[in-house]
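The paragraphs below go through the ligands, then the domains, then a pair of helices.

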Amino acid sequence: MRNISLLGASGSIGQQTIDVLRNHPHSFRLVALSVGRNVEYAAQIVNEFQPLLVSVQYEEDVARLRALIESSTEVTYGEQGLTEVATLTETDVLVNAVMGSVGLNPTLQAIEAKKTIAIANKETLVTAGHLVTEAAKRNGVDLIPVDSEHSAIYQCLEGNNQQEVERYILTASGGSFRDRSREELKGVTVEDALKHPNWNMGAKITIDSATMMNKGLEVIEAHWLFSTPYERIDVLLHKESMIHSLVEYIDGSVLAHLGSPDMRVPIQYALSFPKRLDLKGRKPLNLWEVGTLHFEKPDADRFRCLKLAYEAGKEKGTAPTVLNAANEAAVAAFLEGKIPFLEIETLIEKTLDSFVTVANPDLETIQDIDLRARRYVQTLMK
Ligand SMILES: NC(=O)C1=CN([C@@H]2O[C@H](COP(=O)(O)OP(=O)(O)OC[C@H]3O[C@@H](n4cnc5c(N)ncnc54)[C@H](OP(=O)(O)O)[C@@H]3O)[C@@H](O)[C@H]2O)C=CC1
Ligand SMILES: CC(=O)[C@@H](O)[C@H](O)COP(=O)(O)O
Ligand SMILES: [Mn+2]
C-alpha cells in the first residue's frame with residue numbers, strides 16, 4: 001500500500017489521479033490533498049476518501065469546506081497548506097499536479113522529507129531544475145515523471161544504459177493552431193486556442209501547447225530529469241500524439257513509447273513504478289485502425305516560443321525562471337482577454353531581454369526574479 005499526497009487534486013491531472021486511486025484501493029491510499037478554489041470538489045473527495053489533511057488556496061474558503069465535510073479531516077490553506085500536504089509524515093509519494101511555479105517550494109520541502117515525487121508540475125523543474133535535482137540527489141529521492149513525453153522516455157530507458165543514449169526525441173502535437181500560418185494566428189480567439197486536438201487539459205497548458213511553449217518547457221524539463229545537454233534533445237511534430245516520445249541509442253536503435261492519448265497511463269505508472277497495474281477503461285491502440293502516423297520537423301520561426309525556451313535553457317541561471325514567470329503572466333493575460341495570442345511570445349521575449357541572468361541562483365533569488373518578471377510583464381502591458 002502506498003500513501004499518496006496530491007497537490008492540485010481538482011485539476012485535469014488531479015482528477016485523473018483520483019480516478020487511478022479510486023480504481024486501485026488495495027494499492028493506494030489518499031492521505032492528503034490540495035485544491036485551489038474548487039471547494040465543492042474537495043468536499044466530495046474528502047467525503048469519499050477520508051484523508052488526514054486537505055488544503056485550499058484561500059483562508060476565506062476554510063469554513064465553507066469544513067461545513068461540507070463529514071470526516072475528521074484537518075483543513076488548512078495557502079502556500080503553507082501546500083507544504084503541509086506535501087510533507088505529511090504518513091505520505092510515501094507526492095503527486096505534484098498544481099499549475100505553475102507555486103509548486104516549487106512544496107516540492108523542495110517534500111524532497112527534504114524524503115518523499116518520492118511524481119512530478120506533473122513542469123514549471124517547478126523549469127524555474128529551478130538545478131535546486132530540485134540537487135536536493136533529490138542529496139536525499140536519495142526519486143523524481144518520477146508524469147508528463148507523457150517524459151514518462152515515455154523514462155520507460156524507454158528502463159533496462160538500458162543511459163550513457164549509450166544518442167538523442168532524446170520529444171513528440172509535439174503542434175497544438176490547436178498547428179495548421180495555421182503566423183498571419184492566421186493574429187486573429188485567433190481564446191475559445192479557439194482552448195480546443196486541443198488530442199488532449200483534454202487545464203487552460204494554461206492548453207495555451208502553452210498552442211504557442212509550443214509547452215514543448216519548450218518540456219525540453220528544459222527533460223534536460224533536468226535525464227541530466228542531458230540541450231544538444232541531445234530534439235522535438236518532432238507528430239500530430240496524432242500516439243508516439244509519446246523516443247530514445248535513440250548509439251547503435252542507431254530507436255525505442256518509442258506508444259499508446260492512445262490517456263494521461264492516466266503515465267500517472268498510474270508513476271504511482272505503481274516499477275510495477276504495472278491494470279488500467280480500467282483503457283483504449284487499446286489498434287494501429288491498423290490508425291493507418292498512418294505523421295512526422296514533421298518544427299519550424300523555429302513559426303514556433304518562436306520553442307526557440308526562446310531552448311535559448312533560455314542553454315543560458316541557465318535565472319533565464320529559465322524569467323521565461324517561465326513571463327509565460328505564466330502572459331498566458332494568464334491572454335486567457336483574461338487582455339492581449340492577443342501573438343503578444344504572448346512578444347511579452348516573453350521582451351522580458352527575457354530586460355533581465356540580466358544570475359548564475360546558479362538560490363531559492364530566494366529564484367522567488368524574487370519570478371515575482372519581478374511577472375511584474376515586468378504587467379508593466380509592458382500598460
Ligand atoms: N493536464 C494534462 O494533461 C497535463 C498537465 N501537465 C502539467 O500538470 C500541471 C497541472 O496541469 P493541469 O492539471 O492541466 O492544470 P489545471 O489548471 O487543470 O489544474 C491546476 C490545479 O492546481 C490548482 N491551483 C492552481 N493555482 C493554484 C495556486 N496558486 N495554489 C494552489 N492550487 C492552485 C487548481 O485548483 P482549482 O482548480 O481548485 O482552483 C487545480 O487543482 C501543470 O504543470 C501542467 O503543465 C503535464 C502534462 C499533461
Ligand atoms: C499530455 C501531455 O503530456 C501534454 O504536455 C501534451 O504533450 C500537450 O500536447 P503538445 O504536444 O501539443 O504540447
Ligand atoms: Mn507533455
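α7 (148–157) and α11 (213–225) each supply at least two residues of the shell around ligand 2. Helices here are DSSP runs (H or I, at least four residues; strands are E, at least two), numbered from the N terminus. This is a predicted model, in which local features need pLDDT of at least 70 and side-chain atom pairs count only at pLDDT 80 or more, while totals for chains, interfaces and linings use all residues. Residues are numbered from 1 along each chain as its sequence is written, and chains are lettered from A and ligands numbered from 1 in the order in which they are written.

Ligand 2 is surrounded by Asp147, Ser148, Glu149, Ala172, Ser173, Gly175, Trp199, Ser209, Asn214, Lys215 and Met263. A residue is near a molecule if its C-beta atom, placed from the backbone, lies within 6 Å of it. By class, the shell around ligand 2 has three nonpolar, five polar and three charged residues. Ala, Val, Leu, Ile, Met, Phe, Trp, Tyr, Cys and Pro count as nonpolar, Asp, Glu, Lys and Arg as charged, and the others, Gly among them, as polar.

Around ligand 1 there are 29 residues, and the closest are Gly11, Gly36, Asn38, Met201 and Gly202.

How is the protein chain divided into domains? There are domain 1 (2–141), domain 2 (148–262 + 283–304) and domain 3 (316–382), with bounds from an automatic or database domain assignment. The shell around ligand 1 draws at least three residues from each of domain 1 and domain 2.

The C-alpha centres of domain 1 and domain 3 lie 26 Å apart. Eight residues of domain 1 are in contact with eight residues of domain 3, where contact puts the C-beta atoms, placed from the backbone, within 7 Å. On the side of domain 1 that touches domain 3, α6 provides the largest share, five residues.

The axes of α15 (residues 319–335) and α17 (residues 363–381) come within 8 Å and cross at roughly 40 degrees. Axes are lines fitted to C-alpha atoms, for helices over the stretch in contact, and angles run from 0 to 180 degrees between N-to-C directions. α15 and α17 are therefore oblique to each other: angles under 35 degrees count as roughly parallel, over 145 as roughly antiparallel, 65 to 115 as roughly perpendicular and the rest as oblique.

How values were computed:
Contact = placed C-beta atoms within 7 Å.
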